[in-house]
Amino acid sequence: GVKLQIAEQHLKAGRLPEAEKVLEQAQAMKIDGAKTFLLLTKLRIEQGRLSEARETIEQATSFMPTDPEVFYLSGAIEERYGNMDEALSQYTTATSNAPECVDYVMAQGEALVSLGRLIDALELIESRVADFDGHAPIHVLAAKVNLMLGLRSPAVEHARQAVGLSPDDVTLIADAGWILVWADECREAIGVLEPLVSEASTSKTTEAGEI
């Protein structure tokens, strides 16, 4: 169990070689086959070794055929292969089995967007966003879908909520600022984006001084 926790920490930190080494040890020791194969699947996806990811997720499925994470990872593999209909099917099953998991809901919504089913994506996200009201990324996704449909007011509202929830997340703030610019909320967009520009300028000045 400790080895699997260490492997998971390596994966989250992006230390893929270290994660692989620990998982190989776990396999040799026959530690919790189901969890080991799930972590191996995540590792193979991160490494871009999709055919091997398919093999490991099949092995995980043999241990836990109804586990929502199995469906979620299966969806991630199919998405990387470009099989979006199958990816959506897997994500939808994951969400049905674990409706409290925001990652599954977002993956389902993003798959709907990729398939051009914007109304379905909007209905899904807007029906669930209140369940994860403190989660900034789902507000960004809701804002983007509203933007794609030309719905200015809800796009702006979701962008504002995202900024309020994660004021230090650079990527999220950039997305929210872009949405505010699109909505002609330029004064507000400047206020949101200006700290990012200042920080980037300071960083470049510091780097230049060090050189």
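Axes are lines fitted to C-alpha atoms, for helices over the stretch in contact, and angles run from 0 to 180 degrees between N-to-C directions. The model under study is predicted.

**Exercise 1.** Determine how helix H4 and helix H5 are oriented relative to each other.

*Solution.* Step 1: two packed helices are described by the angle between their axes and the distance between the axes. Step 2: for H4 (residues 50-63) and H5 (residues 68-81), the angle is about 160° and the axes lie 10 Å apart. Step 3: angles over 145 degrees count as roughly antiparallel, so H4 is roughly antiparallel to H5. Step 4: the crossing of H4 past H5 is left-handed.

**Exercise 2.** Characterise the contact of H4 with H5 by residue class.

*Solution.* Step 1: H4 contributes Leu50, Ser51, Ala53, Arg54, Ile57, Ala60 and Thr61, while H5 contributes Val70, Leu73, Ser74, Ile77, Glu78, Arg80 and Tyr81. Step 2: these residues comprise eight nonpolar, three polar and three charged.

**Exercise 3.** Check the span of helix H2 and identify its buried residues.

*Solution.* Step 1: H2 (residues 16-28) has 13 residues, so at 1.5 Å a residue it should span 18 Å. Step 2: the end C-alpha atoms of H2 are 18 Å apart, which agrees. Step 3: Leu16, Ala19, Glu20, Val22, Leu23 and Ala26 are the buried residues of H2, and they pack against helix H1 (2-12) and helix H3 (33-47).

**Exercise 4.** Is His158 buried or exposed?

*Solution.* Step 1: His158 belongs to helix H10 (residues 152-165). Step 2: the relative accessible area of His158 is 7%. Step 3: buried means under 20%, so His158 is buried.

Methods:
Residues numbered from 1 in each chain as written. Predicted model: local features only at pLDDT ≥ 70, side-chain atom pairs only at ≥ 80, totals over all residues. Heavy atoms only, no water. Helix = DSSP H or I, 4+ residues; strand = E, 2+ residues; numbered from the N terminus. Buried < 20%, exposed > 50% of the residue type's maximum accessible area, 1.4 Å probe, protein only. Parallel < 35°, antiparallel > 145°, perpendicular 65-115°, else oblique. Left-handed = near helix turned anticlockwise from the far one by under 90°. Contact = heavy atoms within 4.5 Å. Nonpolar A, V, L, I, M, F, W, Y, C, P; charged D, E, K, R; others polar. Expected span 1.5 Å × (residues − 1).
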